[in-house]
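These are my notebook entries on one structure, written as I looked things up. I begin with the overall fold and then go down to single residues.

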Amino acid sequence: MSLQTFPTNFLWGGATAANQLEGAYLKNGKGLSVNDLLVGGTDKRPREITREIQADKYYPSHQAIDFYHHYKEDIKLFAEMGFKIYRFSIAWTRIYPHGFEEEPNKKGLEFYDGVIQELKKYHIQPLITISHYEPPLAMTQKFNGWESRRAIEQYVKFAKTIIKRYHHDVKYWITFNEINILTRTSGAYLGGGMYVSNNSNFDNPEIDSEQMRFNALHHQFLASSLVTSFAHQYDPSLKMGCMLAYHTIYPLTSNPVDIQYAQEVSKISNFYCGDVQVKGKYPYFAQRYWQKHNLKLDIQPQDAKILLQGKVDYFTFSYYQSTTVTLDKEKNTLQKGNFISGVKNPYLKTSDWGWAIDPLGLRIALNQVFDRYNLPIMVVENGLGAKDKLEFTRDGQPYINDDYRINYLKQHLSAMYEALQDGVDLIGYTSWAPIDLVSASSGQMSKRYGYIYVDKDDYGHGTLKRYKKKSFYWYKQVIQNNGII
């Protein structure tokens, strides 16, 4: 088979989030984020939200994989694979512990100084996500997070602080991770830092406030636009991007009712947020959706101008699986997914966690996004969560045979190659995740994504020792070849 070669300057790398790998949750002045109050769950038992730290509960973010103390070791491993770019987030509460402080936490900034310098040492470009599922808990307690416009001012302050400090070293920025999670029930707490009720369930569709979520989303659009506009003026060389959790949406049947329903789901899930952040205004279908769902957004006279002046330079998204939908209740067999559920697609296999495996869906997604927005694209999350097994040879050498991950990634990279041949301007790929870390949806460590195995279990036990998986050497070869065989 011939080599599928990618563009010369293609940005190969990996992606992580502060709350899922850093640990050191109170170290050197860091404050509590909403993620620090999320108890670990399983694929069958949802994560639980507590209002305060409880001694008998296990909170995965508190130690995570302790990247805080291992970042030099981990970045060296990323460099060994040949990374051109590394996407990571800056923990808001490491810089502004409660969100309200006038001055940033010096020790928090010094930590990220070290991370960025280490990346520079190996000629790896940083790609920074400004907010990745970890608003300050104090903001939630004071005004329920992004439900209030007051969150905008605090976010803008935080973003300006890090952009001013790192703009010489960081070209690519993302304002919010998977901002469209607020169109889904699981987004209220994780993305918006909001309590919907006194219920402790992390994601309970029966207890939801769509009004709260979409209003919070409007506030995040404004915050993103203000920061993007600031960055463009402060340093015109900076590239500001949006980021969505993208799901290619299929109708289960050729019934026109299903086709129209799939179109409506895709509009809200995939295009509602993209249109605002790329085009600087709400899409044509927004008004009808608001009316149908009785949503009354806190849109003020100056908001339209703010959105129009803060349009992004490039488009990024996560892609793990497609979603199939139907209005036929008799065929409505639930299929799990990345914060969105559909029905089982008879043509697709699933992962250990029940997520549909659909590489062709990635090619479709890339074409849909480029056709609609005509901006450079990065796929900034894509990977396979699986139950890896650490084994040892007779002479005591460790090995993790994850051929299933290599196969998954190879198929998705091939789909990306085909999208490039289609004419899509795809400039980078940061797989999720280069190293095992805490799962956002379930809080588990056993749901492993990395090329690097971390010795830790779902209950916080383990040495934290790092081991290279078979996929580590495979991805190294992909980057070295700038393509796949």
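Which strands make up the closed barrel, and with what pairing? I found a closed barrel of eight strands in the order 2-5-6-7-8-10-14-17, with parallel pairing. Averaged over this sheet, neighbouring strands are turned by 25° against each other, direction ignored. For my own record, two strands pair if DSSP finds at least two bridges between them, and helices (H or I, at least four residues) and strands (E, at least two) are DSSP runs numbered from the N terminus.

Before going further I noted that this is a predicted model, in which local features need pLDDT of at least 70 and side-chain atom pairs count only at pLDDT 80 or more, while totals for chains, interfaces and linings use all residues. Residues are numbered from 1 along each chain as its sequence is written, and side-chain values use heavy atoms, with hydrogens and water left out.

Entry: Strand 5 runs parallel to strand 2, joined by three bridges, with A15 standing opposite R87. Five bridges join strand 5 to strand 6, also in parallel, and there F88 stands opposite I128.

**Entry: strand 6 onward.** S131 lies in strand 6 and, at 7% relative accessibility, counts as buried. Leaving out residues up to four places away in sequence, S131 touches W92, Y155, T175, F176 and N177, where contact means heavy atoms within 4.5 Å.

**Entry: helices over the sheet.** Helix 8 (residues 210-234) lies across strand 6, strand 7 and strand 8 (239-245), at about 155° to strand 7. Helix 14 (residues 470-481) lies across strand 2 (11-15) and strand 17 (426-432), at about 150° to strand 2. The axes are lines fitted to C-alpha atoms, for helices over the stretch in contact, and the angles run from 0 to 180 degrees between N-to-C directions.

**Entry: the nonpolar core.** How many residues does the largest nonpolar core have? It has 130 residues, and those with the most contacts inside it are I130, Y155, W173, Y272, F317, L366 and Y475. Helix 8 gives the most to this core, with ten residues. A nonpolar core here is a set of buried Ala, Val, Leu, Ile, Met, Phe, Trp, Tyr and Cys residues joined through side-chain atoms within 4.5 Å. Setting aside residues up to four places away in sequence, Y475 touches W12, G13, M81, F83, Y429, S431 and Y451.

**Entry: aromatic rings.** I counted rings of Phe, Tyr and Trp (its six-membered ring) as a pair if their centres lie within 6.5 Å, with planes under 30 degrees apart called stacked, over 60 edge-to-face and the rest tilted. The structure holds 42 aromatic pairs. One of them, W146 with Y155, is edge-to-face at 5.8 Å centre to centre and 65° between the planes. The pair of Y246 and F317 is tilted, at 5.3 Å centre to centre and 45° between the planes. Y246 lies in the loop between strand 8 and strand 9 (249-251) and F317 in strand 10 (residues 314-318), so the pair ties together parts that are 71 residues apart in sequence. Both Y246 and F317 are buried. Ring pairs also link F6, F10, W12, F78, F83, Y86, F88, Y417, Y429, Y451, W474 and Y475 into a cluster.

**Entry: charges over rings.** The test is that NZ of Lys or CZ of Arg lies within 6 Å of the ring centre and within 35 degrees of the ring normal. The charged end of R51 sits over the ring of Y195, 3.5 Å from its centre, and R372 lies over the face of F271, at 4.2 Å from the ring centre.

Conventions. Buried means under 20% relative accessible area, exposed over 50%, partly exposed in between (1.4 Å probe, protein chains only).
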